[in-house]
Amino acid sequence: MSEIKEIFYNLFWQNTACHNLFLLSKEELLDTKIIEIEDNSASVSLPRIIISNIESKEDFTHEKIRIRNENINIVTENILNSKIEFYTPLITDFLEGKFGKSLEKVINDFNNDPWKLIGKAVTPVDREDNFEKIIIGFLQEYGFIGKHINSFDDLAYHFQKEAISKNVKTILTEKNIWNFIEFLKGIKDIYVNESYRSLYNSNQILVNALNNTENLYSRLQLFSLLFESGIIYPGNEDSFIECTNCEPGTYRGVFQLKINPKKLKELKCPICSSELTYYVPYKLHKEIYNIIKLQDGLLHDALCNLLTTNKIEFKTNQKYLNDIELDCVYKLDEAIHVVECKMYKINTTREKLNSKVKEDFSKLVSDISRIRESAKWSKENIRPILLVNIIDSVFLTGIETELKEKNKDEISQQTRIINLTQLKFNENTK
């Protein structure tokens, strides 16, 4: 086992908050983006965990941030449009003054014989110097440059001298410079606002992921331990901080923060001393990220870690009858334990979870029945286990009891529905 995995599992098995957090599905634990192209879509889970003190997207603070950001975008887009309208005639006048006749000739040739003009522009070349000659010849033919220009180096010098040096006084006016600075600021603001939006609109369950089982302080303690262990660490992404108590734009900024998560609660507004609202992305160690991305997420890997720690031999991804694959099989006390791992999205209704668990239970029972009927395990003591990432043991027990009351066959009666905390190698799992 690698060093970082050993460090991670040492924390995972001892810390309840860590255990619960990393058993979330990858779509809930990681920042996942849905990319849609026409009728197709794909999801991408990024290797980052966003820490925020926003309790949920239903909070008024989240709505306030969203509306503020949208208002800034509206103002910024209008500023950019006005600057583009300001520069358009300047560029048009410059091009017409310098290349008006040449552009007119190109347009006329294109109207008269477009394929001839296109043929000149896309003539195939086999060497770089031929390409240079063709482009220079094309520009000379239409009068964009003079006959004294014979290379790209000459062209670059000519452009600098004619387009910049001779027009520097026209370009460098106070009004032009100020408009250009505002234009650049507008572009920067659009980038900042879109980055901000990607954080507060993230589907990721943030630091409040487990608000039914741990409080904010215990979760910040967990992230502090993850930070000190090197499992999460500051990346190069921007963090966003805003005082939602002050008027819009009073204290709002983008920062490079390299801070222990436990200190985030100490961030205060220097104007009103209120707690700041923050969105701080941390990178997740690549090795842990790669485990979480797997189909069965951390659940399957944690099972293997637990079996290895207890010195129990096991096999994974075992195939039977061409269409059945069992996640993990191990023998213990004269019984074959067959484990099917299932990761569910926890942030859903109990009804949906109940339905999915029952469906997977039936599928597991059916698969084991088929394997037994094939005489593969006809005489073996089989103990099927549906291992899930649902931490509510009472909820799982209720589903298991209901299913066993309805299904009296031997395999159904032998099948367990449990989570990792219930998987102990004693009489309860034998």
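Strand β5 (residues 239-242) pairs with strand β7 (residues 277-284) in the antiparallel sense over three bridges, where strands are DSSP runs of E of at least two residues, numbered from the N terminus, and two strands pair if DSSP finds at least two bridges between them. The model is a predicted one, in which local features need pLDDT of at least 70 and side-chain atom pairs count only at pLDDT 80 or more, while totals for chains, interfaces and linings use all residues. Residues are numbered from 1 along each chain as its sequence is written, and side-chain values use heavy atoms, with hydrogens and water left out.

Asn317, in strand β8 (residues 314-320), has phi near 50°, a positive value in a residue other than glycine. Its relative accessibility is 41%, so Asn317 counts as partly exposed. Asn322 lies in the loop between β8 and β9 (324-332), and its phi is near 70°, also positive in a residue other than glycine. Asn322 is exposed, with a relative accessible area of 85%.

Helices are DSSP runs of H or I of at least four residues. The axes of α13 (residues 350-373) and α14 (residues 393-406) come within 11 Å and cross at roughly 50°; axes are lines fitted to C-alpha atoms over the stretch in contact, with angles running from 0 to 180 degrees between N-to-C directions. The angle therefore makes α13 oblique to α14, given that under 35 degrees counts as roughly parallel, over 145 as roughly antiparallel, 65 to 115 as roughly perpendicular and the rest as oblique. The crossing is right-handed, meaning that the near helix is turned clockwise from the far one by less than a right angle.

Arg350, Leu353, Asn354, Val357, Lys358 and Phe361 in α13 meet Phe395, Ile399, Glu402 and Leu403 in α14, with contact taken as heavy atoms within 4.5 Å.

Terms used: Buried < 20%, exposed > 50% of the residue type's maximum accessible area, 1.4 Å probe, protein only.
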